[in-house]
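Reader: Please take one part of this model and go through it closely. I would like the annotated site and its surroundings, in plain terms.

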Amino acid sequence: MTTLTNIPLSVEWKDTHIRLLDQQKLPQETIFLELRTIQDVFDAIVTLKVRGAPAIGIAAAYGLALSAQGYETSNISEFRVLLKNDSDYLASSRPTAVNLFWALERLLSASERACSVNEAKTILVHEAINIQMEDEATCRDIGEHALGLFQKGNKVLTICNAGSIATARYGTALSPFYLAKERNFPLSVYACETRPVLQGARLTAWELQQAGVDVTLITDSMAAHTIQSKGIDAIIVGADRITANGDTANKIGTFGLAILARAFQIPFYVAAPLSTFDLSKDTGSEITIEERDPEEVTSIGGRKVAPEGISVFNPAFDVTPNDFITAIITEKGVIKGDYLSKIKELFI
Ligand code: MRU
C-alpha cells in the first residue's frame, strides 16, 4: 500500500502539453499548469514552479520533446540544429543541478539514433517518459538503501525538499520515510524551513504531512538546539550535483548542517541518484553556484522584511566537502570512505 496517493505528480506528459504542479502555490493551493511552449517550461524552471534536481531534469526533457513536436522541417540535419538550440536554451535556466544537463544530453543522444524527423520526434517523447519512469524506480531503491541506515524510533533532520515532488516520485532524502510509513516502521522527521524560499516549510512539511509521516517543522536557526534538545539521530539531505570526489552541492544551509552533524557526532547522509553525479568535475570548487534575485531575501511570501536598498547575497546552494559526509546513498547502494574510487566504481 503506497503512502503517496495524496501527493500529486510534479510533472506529467499529456501529448499536447505538460501538466505541471505549481510548487510556488503550495501548500495553500494545489494548482496544475498546462505548459504548451518551451518558454513556458523555461519560465517554470526559473521561477521554481518546478524545482528539485530530478524534477527539473524531467520537466526539461519533456520541454525539449514538446518543442520538437512543433518543428516543421522534414530535414533531419535542420531538425538537429533546432533541437540543439532548444536544448541550450533550456540548459540556461538554472546552473547548479546537473540533472538538467544530464536529461537534455540524454535526449540529444537518443535522437541521434533516428533516421527521419518523425522517428526522432517519437524517440524524444519515449526517452523523456523513460527518464521519468526510471527516476521513480531509482528513488524507491534509494529509499530501500537509506531505510537500512535507520533504527526504529530514529529522529532524522532534513533541509529543503528532496521529496516526491522534487523527483518522479518518492524523492531521494524523503524516500526512506515513505517506505518506513508503508511498513509501520516508526521514524520522525524534523524539517528545516529552508529560507529564503521555504521549500522545507511549504513543500517538505506539506508532502510528509499528506502521507501521514510524523514531521515537525523548525526554522533553520533552530537546527543546533533541536539536534541537542530532541536527540536527533541523523541528518539526511538530497543533492544537486556531486563531483568525482564526493563533494556535494545542495540547498543553501546544507553545509552548516554537516558541520553540526560533525559537532554532535551524528551521521550526515546524502541521498541522490547517479544522474546527480558529475564526473567531469573533480571537486566541489568547480560547481557553479546559482545566485538568485535579492528579492527572495528581502521579502517573505511577497511581504518586504528588509530596508529598501539593502545589499543582499543570495546563493541558492552550498557545497559540503566530502569528508563531512558519512555516506552517499544511491540506487546502487551505500558508499562510504574513499569516495573518489567508490564513485568511479558506481559507473563501471
Ligand atoms: O532550489 P531548489 O528547490 O531546486 O533546490 C533543491 C534542492 O536543493 C534539493 O535538495 C535537490 O535538488 C535534491 S531534490 C531530490
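Author: Helices (H or I, at least four residues) and strands (E, at least two) are DSSP runs, numbered from the N terminus. By that scheme, Gly 52 sits in the loop between helix 1 and helix 2. This is a predicted model, in which local features need pLDDT of at least 70, side-chain atom pairs count only at pLDDT 80 or more, and totals for chains, interfaces and linings use all residues. Residues are numbered from 1 along each chain as its sequence is written, and side-chain values use heavy atoms, with hydrogens and water left out.

Arg 51 is also in the loop between helix 1 (38-46) and helix 2 (53-69). Buried means under 20% relative accessible area, exposed over 50%, and partly exposed in between (1.4 Å probe, protein chains only). Gly 52 counts as buried because its relative accessibility is 12%. Arg 51 is buried too, with a relative accessible area of 4%.

Contact means heavy atoms within 4.5 Å. Leaving aside neighbours within four places in sequence, Arg 51 is in contact with several residues, among them Gln 23, Arg 94, Asn 161 and Gln 199. The side chains of Arg 51 and Gln 23 are joined by a polar contact of 3.1 Å; the term stands for a pair of N or O atoms within 3.5 Å where, within protein, one must be able to donate a hydrogen and the other to accept it, and residues adjacent in sequence count only if both atoms are side-chain atoms.

An unreviewed UniProt entry places the feature "binding site" at Arg 51, Gly 52, Ala 53, Arg 94, Gln 199, Asn 250 and Lys 251. Such annotations may be inferred rather than shown by experiment.
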